[in-house]
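Me: I'd like to go through this structure with you and ask where its labels come from. Could you set each value against its definition?

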Amino acid sequence: MSGLILENVEKRYGSACAVKDVNLHLPEGKLVCFLGPSGCGKTTLLRMIAGLETLSGGEIRLDGEDIGQTPAHLRNFGMVFQSLALFPHMTVGENIAYPLKLRGVSKADQQARVVELLELIQLQQMIDRPVAKLSGGQRQRVAIARAIANHPKILLLDEPLSALDAKLRESMQVEIRQLQQRLNITTIMVTHDQREAMTMADIVVVLGEHRVQQVGTPIEIYRHPANEFVADFIGSGNIFPATVLGNGKVSLPGGDALQVPICSSIVVGEKVKMLIRPEDLQLSQPQATAGNRLLGKVTFVRDIGATIETTVECSGVTFTALSTPCQGVGLSVGHPVSVTLPAEACRVLGA
Amino acid sequence: MSTLIKKRQSLLPGETGKFAGILSGFILLLAVLPILTMIVMSFSGSSNLDFPPSSYSLQWYKAAWHTFVSPDASDVLSLGKAMTTSLMVSCLTMVFATLIAVPAAYALTRCEFRGKAVAMQLMSLPLVFPMVVLGLALLLVFDSLPFQMTTSRLVIAHVILALPFVVKNCTAAMLSIGSEVEEAAQMLGASPLRAIVDVVVPLMKSGILAGMLLAFIVSFNEFTVTYFLYTIDVMTVPIWMYSRTVSSLDPTVFSFAVLIVLIDFVLIWALEKLVGEGGVSF
């Protein structure tokens with residue numbers, strides 16, 4: 001099978017486990033994001049793929065060949081580090097030419113490739129500039145150019161944008177994504193920023209508690225989280241307990257019944273966790289309870305201009321609803337309110 | 001009102017500044033006093049070692065020059081020969097100390113191993129060890145060997161003495177180099193050794209140069225330990241000067257000493273230039 005395959009990969013430090021039971025297939029030409037909170041083992045996993053950490057168990061195969069024991073310098077993977085790790089004693093051109101120099105590429109070919117790459121990242125005039133004289137975004141681009149100079153089989157990005165300010169980060173996300181698609185290079189990126197992952201990735205691998213929690217497209221991960229961890233980590237969500245009644249109904253802690261999509265894996269009487277996204281909750285002036293429309297009370301309103309976040313107490317659960325000003329129903333704290341939870345927006349989370 | 005403010009302003013930082021100025025002036029005076037004495041003595045016009053001299057002349061410089069160009073038969077060893085030995089020992093010390101210190105500094109910062117703290121402590125042992133004891137110990141060791149060592153035993157002793165300074169400077173330089181640049185070089189295709197040569201060593205350059213110059217200075221000025229280890233035909237400049245003073249109370253040494261202090265000054269100045277501010281740790 002082509003692409004990068006990880007099988008039962010695990011890393012232990014003494015008795016502590018950094019990451020375990022990782023089974024992944026990363027297809028060629030795609031951008032895969034390892035997303036997870038800090039300390040979840042995502043960087044360790046990336047470093048194992050890079051060859052900078054040894055495996056405690058399992059296998060890493062690239063196009064069918066086991067590369068688990070190959071030292072980093074023989075893998076021909078490009079990597080952009082969190083600190084970028086540009087060589088401060090070399091100019092921009094020398095930095096980019098370094099991997100070519102190591103492989104004995106002739107001076108003229110080195111020069112040609114450097115010029116080509118600088119054109120790609122639009123820093124043609126900077127070739128003789130020392131890297132210390134570049135701005136954050138320019139350094140970022142040089143680090144990427146250096147990483148791809150020798151046509152690596154895989155490009156690894158370890159939180160490469162974390163040093164940039166918010167605005168520049170957003171535009172670099174788009175820039176890197178476009179570059180990756182143009183070069184059609186298999187890329188693995190580590191990030192803890194879910195917005196970044198959603199923007200850039202073809203496939204998101206959610207890591208948490210030292211294991212893979214879910215693998216899927218960004219929308220799958222957001223819309224169909226596999227478990228409570230993913231539901232909680234990706235986006236903001238209302239996660240609430242419920243008891244299964246059967247017939248596609250669950251009961252809330254306050255006793256109200258709720259119609260939800262039928263899910264085969266749950267049994268009557270089981271206690272489950274439910275998810276509904278704040279933007280899916282509909283608020284309206286108080287009306288009689290009917291179907292999935294319940295009565296509740298407003299406990300807090302956070303109006304930040306672009307959106308209004310309303311906190312509602314309803315059937316023993318605290319929900320947060322997100323609405324735009326034009327949908328506004330003029331609610332204030334203490335008022336009764338009707339809350340509609342559309343059945344198709346409710347998600348029963350795997351236990 | 002405005003005068004009050006003015007007065008308070010001059011009171012606060014100004015007063016402490018003045019005190020600090022006087023204090024540092026005093027300390028500086030203590031530091032340069034021996035050198036000043038030596039310079040004054042080198043211009044003495046009398047033929048004894050009275051201080052201050054009763055008259056001034058350039059006679060000792062003339063005598064020194066004379067000794068340098070045409071040593072008379074009464075000299076056990078010419079200054080030229082001592083100078084050659086000194087320079088050779090200092091250069092070899094510099095080279096060997098650096099060759100040991102660079103890998104040591106790398107290991108001490110990058111690698112985790114048992115007894116690392118002890119190794120760090122042992123590195124600076126020669127700094128606190130009584131020189132006389134060290135000299136005696138080395139003499140006993142070298143004399144027990146079945147073969148004769150002359151210049152080489154001075155080099156070994158000087159390397160031991162210079163090592164803490166070189167290791168300290170190289171370690172300080174190593175500490176500022178993140179492991180990511182080294183890993184980056186490996187990711188780009190450099191073997192671990194190549195990554196060190198291409199990336200780590202160039203980034204350590206200023207620390208290494210500082211260490212080398214310090215090793216040279218330490219070796220060039222070393223007296224106590226060398227005193228135990230020199231032989232009659234292999235002696236360094238400080239030993240040569242000392243032997244001249246004890247045998248004949250010859251003020252010529254002061255003019256030589258001025259020359260040596262000048263050399264040291266140039267070296268230290270070069271050191272500061274190379275490393276910039278705050279880079280050297282003695």
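Reply: Happy to. Let's begin with contact, which means heavy atoms within 4.5 Å. In chain B, residues 24 or more positions apart make up 69% of the contacts with a separation of 6 or more. For chain A the corresponding share is 67%.

Me: What should I keep in mind about the model and its numbering?

Reply: This is a predicted model, where local features need pLDDT of at least 70 and side-chain atom pairs count only at pLDDT 80 or more, while totals for chains, interfaces and linings use all residues. Residues are numbered from 1 along each chain as its sequence is written, chains are lettered from A and ligands numbered from 1 in the order in which they are written, and side-chain values use heavy atoms, with hydrogens and water left out.

Me: How many helices and strands does each chain have, and what makes a stretch count as one?

Reply: Both are DSSP runs numbered from the N terminus: a helix is H or I with at least four residues, and a strand is E with at least two. By that rule chain A has eight helices and 20 strands. Chain B comes out with twelve helices and zero strands. The C-alpha atoms of chain A fill a box of roughly 80 × 45 × 35 Å along the principal axes.

Me: What share of each chain counts as buried?

Reply: Buried means under 20% relative accessible area, exposed means over 50%, and partly exposed is in between (1.4 Å probe, protein chains only). Of the 351 residues in chain A, 50% count as buried. In chain B, with 282 residues, the figure is 40%.

Me: Why are C17(A) and C111(B) called partly exposed?

Reply: The relative accessible area of C17(A) is 24%, so C17(A) is partly exposed. C111(B) has 32%, and therefore is partly exposed as well.

Me: What stands out about phi in D63(A) and H151(A)?

Reply: Most residues other than glycine have a negative phi. D63(A) has a positive phi, near 50 degrees, and lies in the loop between β4 (57–62) and β5 (65–66) of chain A. H151(A) also has a positive phi near 50 degrees, and sits in the loop between α4 (136–148) and β7 (154–158) of chain A.

Me: Where do D63(A) and H151(A) fall, buried, partly exposed or exposed?

Reply: D63(A) has a relative accessible area of 48%, so D63(A) is partly exposed. H151(A) reaches 57%, and therefore counts as exposed.

Me: Why are α2(A) and α4(A) called roughly parallel?

Reply: Two packed helices are described by the angle between their axes and the distance between the axes. Axes are lines fitted to C-alpha atoms, for helices over the stretch in contact, and angles run from 0 to 180 degrees between N-to-C directions. Angles under 35 degrees count as roughly parallel, over 145 as roughly antiparallel, 65 to 115 as roughly perpendicular and the rest as oblique. Helix α2 (residues 92–102) of chain A packs against α4(A) at about 25 degrees, with axes 7 Å apart. That angle is why α2(A) and α4(A) are roughly parallel.

Me: Which residues of α2(A) and α4(A) make that contact?

Reply: V92(A), N95(A), I96(A) and P99(A) of α2(A) touch V142(A), A145(A) and R146(A) of α4(A).
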